Amino acid sequence: MTTTTTVDEQKLMGFVFKAVGDFGAMLAGSLAVIGDKLGLYRAMAGAGALTPAELADRTGTAERYVREWLSAQAATGYVNYVGDDRFELPVEHAIALTDESSPACVIGGFELMLAAARSADRLVTAFRTGAGVGWHEHHADLFEGCERFFRPGYNAHLVADWIPAMDGVADRLRTGIRVADVGCGHGASTILLAAAYPDSTFVGTDCHAESIASAQEKAAAAGVGNRTRFEAGRAKELSGTYDLICLFDSLHDMGDPVGVLRHLHDRLDPNGSLLLVEPFAGDALTDNLNPVGAVYYGASTLLCTPNSLSQEVGAALGAQAGEARLRQTAAEAGFTRFERVAETPFNLVFQVRP
């Protein structure tokens, strides 16, 4: 018996045009990275309407490439074509694309996502074999892009909102305590805390040695090198005792999150706290079927889940673990108090105590 399926042509073409829009989005990400690396956005910021020749002259680039780039940017709405062969970067777009002191800045995200996409061929093999792909195996732009993507949010919220929301932690930091930042990457979060709390001491750890070297340089440049140290190593290798241990968007990447938290529980002063920051997510899949969830699930497929699967246990929490699963993970590690103290559209923030 043959079953005939009726195709809704309107729905079909609607999806085709959605896919075409996604083609443009993929290409727009690449063009944004080019614009960032060549300083095209920065040269347009506050400059008014420019011709391709004027922008090329300002940036030391070739006019023909710049003209095509500007046309593509205008088609996607990143810049405005104002006529008379002139293009303008709106001030609001300039903030998002050039002002890395603003929490609205997204330019690092393009670098991060493009670096992740460059691993697609390797992920095809991993899907077939179930093998992991370690953080260190990705394109070098991943590490800088990750810092630039997360740093604006940390700048805006870490000292101003998240630390004050934790019970008793801000006062202890001002008095002077020992702090560990586990999975610190290039050290943006560590350096922010060290600058804000000069009487406390800080250690940042990360399994990626090149990121640790970068963190050391950045801490010295920020003038906090005398109160911070950075060590390459796994989370379970952290030694010493601390009053505050921080994990910024890193726990879900770890192969054995329960084992890591159990180790950190033993490294924590009995009156200390964990600051656990994770990507914003609801507990059900349907809670996360939105643009933010699409980004996090996509990044988790390309980066976070493969990284966890490359390690022992390979729990693969994923970037959309949600509060209930994070709470369960902490409880299995021996923590008894788990409280959501803050949130943003992109992060959940928890104080976790023994």
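A: A term to begin with: helices (H or I, at least four residues) and strands (E, at least two) are DSSP runs, numbered from the N terminus. This is a predicted model, in which local features need pLDDT of at least 70 and side-chain atom pairs count only at pLDDT 80 or more, while totals for chains, interfaces and linings use all residues. Residues are numbered from 1 along each chain as its sequence is written, and side-chain values use heavy atoms, with hydrogens and water left out.

Q: OK, what does UniProt list for residues 181-274?
A: The unreviewed entry gives these residues the annotation "domain: Methyltransferase type"; UniProt positions are in the numbering used here, feature names are shortened, and annotations may be inferred rather than shown by experiment. In the model, the span 181-274 is 35% helix and 29% strand, and its end C-alpha atoms lie 10 Å apart.

Q: And which residues does it list as "transmembrane region"?
A: Residues 12-34 carry that label in the unreviewed UniProt entry, and in the model the span is 100% helix and 0% strand, with 34 Å between its end C-alpha atoms.

Q: Where does Gly-24 lie?
A: Gly-24 is in helix H1, which covers residues 9-37, and its C-alpha is separated by 9.2 Å from that of Ala-75, 51 residues apart along the chain.

Q: Is Gly-24 buried, exposed or something in between?
A: Gly-24 counts as partly exposed because its relative accessible area is 29%, where buried means under 20%, exposed over 50% and partly exposed in between (1.4 Å probe, protein chains only).

Q: Switching to H8, how many residues has it?
A: Helix H8 has 25 residues, 141-165, and reaches 33 Å from its first C-alpha to its last, close to the 36 Å expected at 1.5 Å a residue; that expected span is 1.5 Å times one less than the number of residues.

Q: Where does H8 bend?
A: The bend is at Leu-158 and comes to about 60°, taken as the angle between axes fitted to the seven residues ending there and the seven starting there.

Q: How many aromatic pairs are there?
A: The whole structure has nine aromatic pairs, counting rings of Phe, Tyr and Trp (its six-membered ring) whose centres lie within 6.5 Å, with planes under 30 degrees apart called stacked, over 60 edge-to-face and the rest tilted. Trp-135 and Phe-143 have ring centres 6.1 Å apart and planes at 65°, so this pair is edge-to-face, and both residues are buried.

Q: What about Tyr-154 and Phe-248?
A: Those two form a tilted pair, 5.2 Å centre to centre with 55° between the planes. The pair links distant parts of the chain, since Tyr-154 is in helix H8 and Phe-248 in strand E6 (residues 242-248), 94 residues apart.

Q: What does H10 pack against?
A: The buried residues of helix H10 (residues 188-196) are Ala-188, Ser-189, Thr-190, Ile-191, Leu-193 and Ala-194. They pack against H8, H11 and strands E3 (178-182), E4 (201-206), E5 (228-232) and E6, where contact means heavy atoms within 4.5 Å.

Q: Which residues does Glu-323 touch?
A: Not counting residues up to four places away in sequence, Glu-323 touches Ala-281, Asp-283, Phe-338, Arg-340, Leu-348 and Phe-350. Glu-323 lies in helix H14 (residues 323-332) and is buried, with a relative accessible area of 14%.

Q: How many disulfides does the structure hold?
A: The structure holds zero disulfides, a disulfide being a pair of cysteine sulfur atoms within 2.5 Å.

Q: Last topic: what is the phi of Asp-85?
A: The phi of Asp-85 is near 65°, a positive value in a residue other than glycine, whereas most residues other than glycine have a negative phi. Asp-85 is found in the loop between strand E1 (80-83) and strand E2 (86-88). Ala-316 has a positive phi too, near 50°, and its place is in the loop between helix H13 (291-309) and H14.
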